[in-house]
Amino acid sequence: MAPKLANFRILYFAKNGDEPFVQIITAKDQKRRQSRCNSEDEEPEDLLPELRDPSQILQEQHLERLVAHLPARTQGYPWRLAYSTAVHGTSLRTLYRNMASIDRPVLLVIKDMENQVFGAFSSHPFRVSRGCYGTGETFLYSFSPEFKRFSWTGENSYFVKGFMDSLQLGGGGGSFGLWLGADLCRGSSYTCHTFHNQPLSAHHDFAVRELEVWTFE
C-alpha cells in the first residue's frame, strides 16, 4: 500500500506557453521556505545610534552598552558632537561656550592616558552655575574594565556644578564622583554619596587623552 501524504499542497505552473507542471510541497518544505523568507525579508533591528560626527573614543562596544542605559527621551535621536578636545582644544571655557545654545541632555566621554573609558550622562548641558543642577537621570559610568553604571542614590542632589576653573559631578563625603580641571587635561574620581560610585578610572587622579561631549538631536 502506498504511504499517505499528509499536510501537502499541489501547485500547478504554466508560463509563457511552456508545458504545465505540478509541484508538491510538504509541510516541512513550507516551514523551511517561510523561515528562509522571514530571515531574508525582515530588516535587522539597528540598536546603535547614528553618530553625526566621528569619535576619537567611542567604539561599537561602548555604544551598545551606553545606548541601553540612556533615558527614553534620548532614544532614536542622532548623536552630535558638541565638544571635543581633538577638535576644539583643551579648554573648559570653550566647552561651556559650545553648550550655551543646547537645551538637551549631554553625554560626557573621557579616555585617559591608560586608555580607560568613562564619563557621565547629564540631564542638563554643562554650564557655570551658582549651585548644583540636574535631575535623577544623571549618572556616572565606566568601562574600567567592564561597563558599570552608577545611578543616583537619592542621598543628595549634587549632580553637576560648573565653575570657570572646574567641573564637578557628584558630591558628598568630601569628594567628587568626577572632577575636571580648567584645561581638561587632568581630573579625578572618588566615591561620592550622590552615586555611590567606584572610582571611574584605574587611579583616583588621571590624565586626559581625549574628551568628548555628545548631545542628542
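Which residues have the most contacts inside the largest nonpolar core? They are L95, F126 and L211, in a core of 30 residues.

## The model

This is a predicted model, in which local features need pLDDT of at least 70, side-chain atom pairs count only at pLDDT 80 or more, and totals for chains, interfaces and linings use all residues. Residues are numbered from 1 along each chain as its sequence is written, and side-chain values use heavy atoms, with hydrogens and water left out.

The protein has four helices and 12 strands. These elements are DSSP runs, numbered from the N terminus: helices are H or I with at least four residues, and strands are E with at least two. Of the 217 residues, 41% are buried. Buried means under 20% relative accessible area, exposed means over 50%, and partly exposed lies in between (1.4 Å probe, protein chains only).

The accessible surface is about 12600 Å². Carbon and sulfur atoms hold 49% of that surface. The areas come from the Shrake-Rupley method with a 1.4 Å probe; for residues, only the protein chains shown count as cover. Among contacts with a separation of 6 or more, 55% join residues 24 or more positions apart.

In soluble globular proteins, nonpolar side chains tend to be buried together. A nonpolar core is a set of buried Ala, Val, Leu, Ile, Met, Phe, Trp, Tyr and Cys residues joined through side-chain atoms within 4.5 Å. The largest one here has 30 residues. Several elements give two or more residues to this core, including strand 3 (79-84), helix 4 (92-99), strand 4 (106-112) and strand 12 (205-216).

A second, separate core has 17 residues. I57, L63, F147 and W214 are among them. Beyond its neighbours within four places in sequence, L95 contacts Y83, F126, L184, L211 and V213.

## Strand 12 and its partners

Strand 12 is largely enclosed by the rest of the structure, because nine of its 12 residues are buried. Strands pair if DSSP finds at least two bridges between them. Strand 4 runs antiparallel to strand 12, and seven bridges join the two. There, V106 stands opposite T215. Strand 3 is also antiparallel to strand 12, over five bridges. S84 faces E212 in strand 12.

Strand 11 pairs with strand 12 too, antiparallel over three bridges. R186 has A207 of strand 12 as its bridge partner. Strand 11 also holds S188. Is S188 buried or exposed? S188 counts as buried, at 11% relative accessibility. Leaving out residues up to four places away in sequence, S188 touches G177, L178, W179, H204, D205 and F206.

Two residues other than glycine have a positive phi. For N115, phi is about 65 degrees. N115 sits in the loop between strand 4 and strand 5. This residue is partly exposed, with a relative accessible area of 47%. For L184, phi is near 55 degrees. L184 lies in the loop between strand 10 and strand 11. L184 is buried, with a relative accessible area of 1%.

Where is P145 found? P145 is in the loop between strand 6 (139-142) and strand 7 (148-150). The peptide bond from S144 to P145 is cis, with omega near -5 degrees.

Technical notes. Contact means heavy atoms within 4.5 Å.
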